[in-house]
Amino acid sequence: MRYLPYLIAGTLFGFTMIKSEAASWYRIMEMFYFQSFHMYGIMMSAIVTAFIGIQVMKRLAGRSSLEGSPMQIPSKGPGRYKFILGGLIFGLGWGVIGLCPGPIFALVGMGSIGAIAALAGALHGTWLYGVVRNRLPK
Amino acid sequence: METLLNWLYAPWPWYVAGPIIGLLVPVMIWIGNRSFGISQNLEHLCAITQPKAVGVEFFTYDWREHTWSLTFALGAVLGGFLAGVVFANPDPINLSVAALTMFSYWNVPIAGGFLPPVLFGFYWQSILIMFIGGVFVGFGTRYASGCTSGHAITGLATLQPQSLMAVVGLFAGGLLAAHFITPYLPYSFP
């Protein structure tokens, strides 16, 4: 019961990934060839909405969330090379399979063979990272 | 009622989908002070399945503390099932003319649905391509500590320079792959 809000939020997320066609390989290729505004529209309006939402949350910072912990704005950890290099490696896969992790999970729910294969690959990639991470530039 | 049903079956325009996704960022903070993002679940799934004897340090932690995140991912799977199976769009995807021309030039047939059967069907070649691409996605997202949701949306909306670097990286990688690898994949096997 405690986790029900997360289940609802996740369901809305997965539903939107499919309904917006952000989980479509065609749409991702169309984006990388600048042939349609669709994906850019989704990203930009999502960022603007999130930015406004964050400004509202900043005013509420310190108050307790539904779960009781005081609300604060999330921040990414330290590092430099890992963001650009990790992003590049991620992108090289994304530009071929046309799926990032959100759509992978949503498409698994549709029983897509390609997404199940991509999830299996992503878990192996995650595992590989866990093994070699201490030897990578931070 | 009929309008609502039509709206559930039809694809959503960007100005509906984008704000819903963006709204998840403050909503996740409101629910339990969480940072919106999905790819950390790849880590948790490795932590759950790691045999005790292996014990890679990175995956040795109590994943139960992240049940909220796994529940969010379970929701995403459920949402995918609802949107893609229960309320599946009956019409073919409405791509731009430029994209349609490009895909026919690449030899990628557009056959129903929003995924090309040639890459997402049950053929060993496509399974191999999707698996290898997935390895890059999984490795990269954990190395960069986030993916499109965590960096491009949460990170940029909270004005974090690390996320800007990650977004530049992932878009550059995506452009490179989409222009120099994807057009040359063998699409003629089925």
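Modeller: Let us begin with a term: two residues are in contact if their C-beta atoms, placed from the backbone, lie within 7 Å. Please keep in mind that this is a predicted model. With that term, one can read helix H3 of chain B: its buried residues pack against helix H5 (101–108) and helix H6 (113–132) of chain A, together with H4 and H7 of chain B.

Biologist: Which residues of H3(B) are buried?

Modeller: They are Gln40(B), Asn41(B), Leu42(B), Glu43(B), His44(B) and Cys46(B).

Biologist: How many residues does each chain give to the contact?

Modeller: As a general idea, the size of an interface is often given as the accessible area lost when the parts come together. Here we have residue counts: chain A gives 101 residues and chain B gives 111. On the side of chain B that touches chain A, the elements giving two or more residues run from helix H2 (14–32) to helix H9 (161–180), and among them are helix H4 (67–86) and helix H7 (124–143). H2(B) supplies the largest share of that side, 18 residues. By residue class, the side of chain B that touches chain A has 75 nonpolar, 34 polar and two charged residues.

Biologist: Is Asp62(B) buried or exposed?

Modeller: The general idea is to count neighbours: a residue is buried if 20 or more other C-beta atoms lie within 10 Å of its own, and exposed if 12 or fewer do. Asp62(B) counts as exposed because it has 7 C-beta neighbours inside 10 Å. Asp62(B) lies in the loop between H3 and H4 of chain B. Its C-alpha atom is 9.0 Å from that of His44(B), a residue 18 places away in sequence.

Biologist: Why is Phe36(B) classed as buried?

Modeller: Phe36(B) is buried because 25 other C-beta atoms lie within 10 Å. This residue belongs to the loop between H2 and H3 of chain B. Beyond four places in sequence, Phe36(B) touches Leu24(B), Val25(B), Met28(B), Ser149(B), Ile153(B) and Thr154(B).

Biologist: Which residues touch the most other members of the largest nonpolar core?

Modeller: In soluble globular proteins, nonpolar side chains tend to be buried together. In this model, the largest nonpolar core has 98 residues, of which Ala118(A) and Ile153(B) touch the most other members. H2(B) gives the most to this core, with 11 residues. Leaving aside neighbours within four places in sequence, Ile153(B) is in contact with Ala46(A), Ile47(A) and Ala50(A), and also with Ile21(B), Gly22(B), Val25(B) and Phe36(B).

Definitions and conventions: Residues numbered from 1 in each chain as written. Chains lettered and ligands numbered in written order. Predicted model: local features only at pLDDT ≥ 70, side-chain atom pairs only at ≥ 80, totals over all residues. Helix = DSSP H or I, 4+ residues; strand = E, 2+ residues; numbered from the N terminus. Nonpolar A, V, L, I, M, F, W, Y, C, P; charged D, E, K, R; others polar. Core = buried A, V, L, I, M, F, W, Y, C linked by C-beta atoms within 7 Å.
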